[in-house]
Amino acid sequence: MTFQIAAKRVISDKAIQYITVFLTPLLALVILVRPWNYRATYIFPGSGDMLWLQAITESIGRVGVFGTDANLAWPQGNNQWNFPQLGITYSLFAWISQNILNFNAIQTMYVGFCFGIALTSVATYFMLRQFCRSQFNGTKFVFALALALSPYFVGSLIHLNLLYFYLIPLTIGIAIKIEAAGGTYSGSYKLLPVLSVFVLALSSPMWWVIVGLFLFLVLALVTFLQGQLKLGIRVLWLFIGIFGGAIVQYSLYMNFRIPNAITGRGTWDSNTYGGHLVDLILGSKILNFIVPGLANLQQGGSIEFKYLGTACAFAALISILMVLAYAKPNGVINSVPLLVKNLSLIGLLLFLLGGFGNLITGVSILVGFENPARVWSRLSILMALLGFVWIIAILSWFKLSELNIRHNTFRRFASGTFISLIAVSVFAELVVTKVPAALPVSEFAETSVVTFLKSEKNNCPVAQLPQNGVPGSRQGVVDPLNGDFGGYAGLAFYVIDPTFQWSIGSWVPGSKSTLNSLGEAPSLDQMHLLGSAGYCAVVYDKLLAATAQEANNPLEGTDLSSFGKPNFTNSRYEVFLLES
């Protein structure tokens, strides 16, 4: 009876810890972004990834995780599996939020942002708990928050898929637990780690699945070469679990995708998207504030540089230093699990070498799957994650655990000062890291266009010209107002009123459809053909057309002078009504 009571108490304490580490960042970020302020229609300004994310989130709410939305990229329709970046977890969350909780797309994105970071916090805490068990629980709590609330994640609403990072720390945590058990997982639970990792990979964004595949394949090979056959086999099984999830996601992609234009990714882009060590110095917002001259180093940073945060940058640097110290084992190095030591080296190489860029791109080409893993400089967060394990090992070596500091004033002061500095840096960078804000729909030129169309037509196909092809292809033309991808601007119409059938994204290379065969300057007869093909109106982006002409990059429908006088015009758009 006493054992049962003690067991229940341990389980209860552990549950409270995980609930706390989940709710703390969730509530902090909800207060920060205030999603309740966005009950009316709001749109993210610009014409880049934020607008694309809002449109896809809106679409998921309308047609579900696997559905095809006929009102986007008409007539082919659009399916989020054309670009499997968001993952099933966020997609399910987006559908539930909009259809059960009655959130709009903007609120869903903001709350999904908070939810993803909270999941990352829990996953990080789980991983850290597997090392020095029953020690440093308070420290591990702070470290989990330091990673989850770092500028890397809090500043990543524009790259929402990065927030759902849970696959990597949870899988590493399972691997550490297996190593601690002597490379085995006893009893009837032998398949539990593999099945768990399979589900995690199935639900994760494809970017982290690709990272996990390469990480654990190389880890298994290295562990085998070190003569750890039993442990290597267990790591290989974890790789198989991730691979199984990746295969299912790839099958979903092949089954649900709608063929459209190629994306703007260069085939061998991952060669040039590795990280630079200067990223870790630039990653501290506090250091950038104290030393203004650091801004001059930005040119030497990664192509898609992301702030890592002071605590995470410090942890990543510790991880690198410990890798360099491998040659002379000591108490700290010997106390860290072998798999963490191997991952620290592998992670550093993946970060610096663009994820073995040639290799991963070559594999992608062979299997006919466009490379979704371009920006390997993002793996600075993996080095920070492993760095926190190393820091715990160093604290343990200095006897700064809860038990050791209880009766030693100096150690208690040293431990408290260190943890306080970490906590203060996290809070300070959380305050200065800006989360993109949406603007009222009334501030957008697209709103008056939609209002006019609704007064004249009823939920019919609309041809958007020039044909810039996004989300199928960017074709190199940028938005003249903000310098971002010009084709994304057309998604604002869908976000404002998804009941019309908008053509944005329907461009397909080699297609002979009416819309895709207009040429640079379509004739009046071609205008009538658009009406015969079912389109009830043409929305013409004057600024995008002018930019295309100036760039000597003419698009389909750049010059509509033969269409005559528009039925409606504003500062950016013209509308031509068509008859069937």
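**Helix H3**

I checked the length of helix H3 (residues 87-99) first: its 13 residues should span 18 Å at 1.5 Å a residue, and its end C-alpha atoms are 18 Å apart, so the two agree. The expected span is 1.5 Å times one less than the number of residues. Helices here are DSSP runs of H or I with at least four residues, strands are runs of E with at least two, and both are numbered from the N terminus.

The model is predicted: local features need pLDDT of at least 70, side-chain atom pairs count only at pLDDT 80 or more, and totals for chains, interfaces and linings use all residues. Residues are numbered from 1 along each chain as its sequence is written, and side-chain values use heavy atoms, with hydrogens and water left out.

Which residues of H3 are buried? I noted Gly87, Ile88, Thr89, Tyr90, Ser91, Phe93, Ala94, Ser97 and Gln98. Buried means under 20% relative accessible area, exposed means over 50%, and partly exposed lies in between (1.4 Å probe, protein chains only). The buried residues of H3 pack against helix H2 (49-63), helix H4 (105-129), helix H7 (160-163), H9 and helix H11 (229-256). Contact means heavy atoms within 4.5 Å.

**Ser204**

I then looked up Ser204, in the loop between helix H9 (192-203) and helix H10 (206-225). Ser204 is buried, with a relative accessible area of 0%. Leaving out residues up to four places away in sequence, Ser204 touches Gly87, Tyr166, Leu167, Val209 and Gln249. Gly87 is also listed among the buried residues of H3.

**The loop between H2 and H3**

I went through the backbone of this loop next. Ala73 lies in the loop between H2 and H3, and its phi is near 60°, a positive value in a residue other than glycine. Is Ala73 buried or exposed? Ala73 is buried, with a relative accessible area of 1%. A cis peptide bond joins Trp74 and Pro75, with omega at about 10°. Pro75 also has its place in the loop between H2 and H3. I noted these entries because most residues other than glycine have a negative phi, and most peptide bonds are trans.

**Around strand S3**

I found another positive phi at Asn459, near 50°, again in a residue other than glycine. Asn459 is in the loop between helix H21 (445-456) and S3. Asn459 is partly exposed, with a relative accessible area of 38%. A cis peptide bond joins Leu465 and Pro466, with omega at about -5°. I placed Pro466 in the loop between strand S3 (461-465) and helix H22 (491-496).

H18 has 18 residues and reaches 25 Å from its first C-alpha to its last, close to the 26 Å expected at 1.5 Å a residue. H18 is mostly covered, with 15 of its 18 residues buried. Lys399 follows H18 and has a positive phi, near 55°.

I looked up how H18 packs with H5. Helix H5 (residues 137-148) and helix H18 (residues 380-397) pack at an angle of about 160°, with their axes 11 Å apart. Axes are lines fitted to C-alpha atoms, for helices over the stretch in contact, and angles run from 0 to 180 degrees between N-to-C directions. H5 and H18 are therefore roughly antiparallel to each other. The classes are roughly parallel (under 35 degrees), roughly antiparallel (over 145), roughly perpendicular (65 to 115) and oblique (the rest).

On the H5 side I listed Thr139, Lys140, Phe143, Ala146 and Leu147, which meet Ile381, Ala384, Leu385, Phe388, Ile391, Ile392 and Leu395 in H18. By class, this contact of H5 with H18 has ten nonpolar, one polar and one charged residues. Ala, Val, Leu, Ile, Met, Phe, Trp, Tyr, Cys and Pro count as nonpolar, Asp, Glu, Lys and Arg as charged, and the others, Gly among them, as polar.

**Helices H14 and H16**

How do H14 and H16 stand to each other? Helix H14 (residues 310-324) and helix H16 (residues 338-352) pack at an angle of about 110°, with their axes 9 Å apart. H14 and H16 are therefore roughly perpendicular to each other. The contact is made by Ser319, Ile320 and Val323 of H14 and Ser344, Leu345 and Leu348 of H16. These residues of the contact of H14 with H16 divide into four nonpolar, two polar and no charged.

**Whole protein**

I took the totals last. The protein has 24 helices and seven strands. Of its 580 residues, 56% count as buried.
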